[in-house]
Amino acid sequence: MMKFQLYSLTVCLVLSCGDVAAAGDPVAGKAKSETCAACHGEDGNSANAAYPKLAGQYASYLEKALKDYRSGGRQNAIMSGFAAPLSDRDIADLAAYFASQGGDLHVPTISD
């Protein structure tokens, strides 16, 4: 019985570490963001209203968007082309970088 409990605990620890390892690296993301800067700005604060601001956005949202562009689940000829070669690690790193940047994203209120 003790072996089973030890085995179960080990499995739980290994599985929980997988989530931590999946988190992106903002430093690596910055190095990978050069292509993004042309439209979204160097730090994700686009000066052109035609391109969304990425700075300060939730990492989970950015990851989902990039994976959807890559898979074709979200349609945009430009973004689909840029997202196609990205690995899951690249996406996690980019999302972590842009999420860590300061931006003026906010939740609108009724007075906005």
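Keep in mind that the model is predicted.

Now select His-40, Leu-54, Leu-66, Tyr-69 and Met-79, the lining residues that lie nearest the pocket's centre. In total, 26 residues line this pocket.

Next, show the helices around the pocket. H3 (34–40), H4 (59–71), H5 (77–83) and H6 (88–100) each give at least two residues to the lining.

Hide everything but H4 and H6 for the next stop. These two helices pack with their axes 8 Å apart, at an angle of about 140°, which means H4 is oblique to H6. Their crossing is right-handed.

Which residues meet where H4 and H6 touch? On the H4 side, pick Ala-59, Leu-62, Glu-63, Leu-66, Lys-67 and Arg-70. Facing them from H6 are Asp-88, Ile-91, Ala-92, Leu-94, Ala-95, Ala-96, Phe-98 and Ala-99. Colour this contact by class too: there are 10 nonpolar and 4 charged residues, with no polar ones.

Note on methods. Residues are numbered from 1 along each chain as its sequence is written. This is a predicted model: local features need pLDDT of at least 70, side-chain atom pairs count only at pLDDT 80 or more; totals for chains, interfaces and linings use all residues. Side-chain values use heavy atoms; hydrogens and water are left out. On a 1 Å grid over the protein atoms alone, a cavity is a set of points where a 1.4 Å probe fits but cannot get out, and a pocket is an open set with protein on both sides within 12 Å along at least five of seven lines; lining residues have an atom within 4 Å of a point. Helices (H or I, at least four residues) and strands (E, at least two) are DSSP runs, numbered from the N terminus. Axes are lines fitted to C-alpha atoms, for helices over the stretch in contact, and angles run from 0 to 180 degrees between N-to-C directions. Angles under 35 degrees count as roughly parallel, over 145 as roughly antiparallel, 65 to 115 as roughly perpendicular and the rest as oblique. A crossing is left-handed if the near helix is turned anticlockwise from the far one by less than a right angle, and right-handed if clockwise. Contact means heavy atoms within 4.5 Å. Ala, Val, Leu, Ile, Met, Phe, Trp, Tyr, Cys and Pro count as nonpolar, Asp, Glu, Lys and Arg as charged, and the others, Gly among them, as polar.
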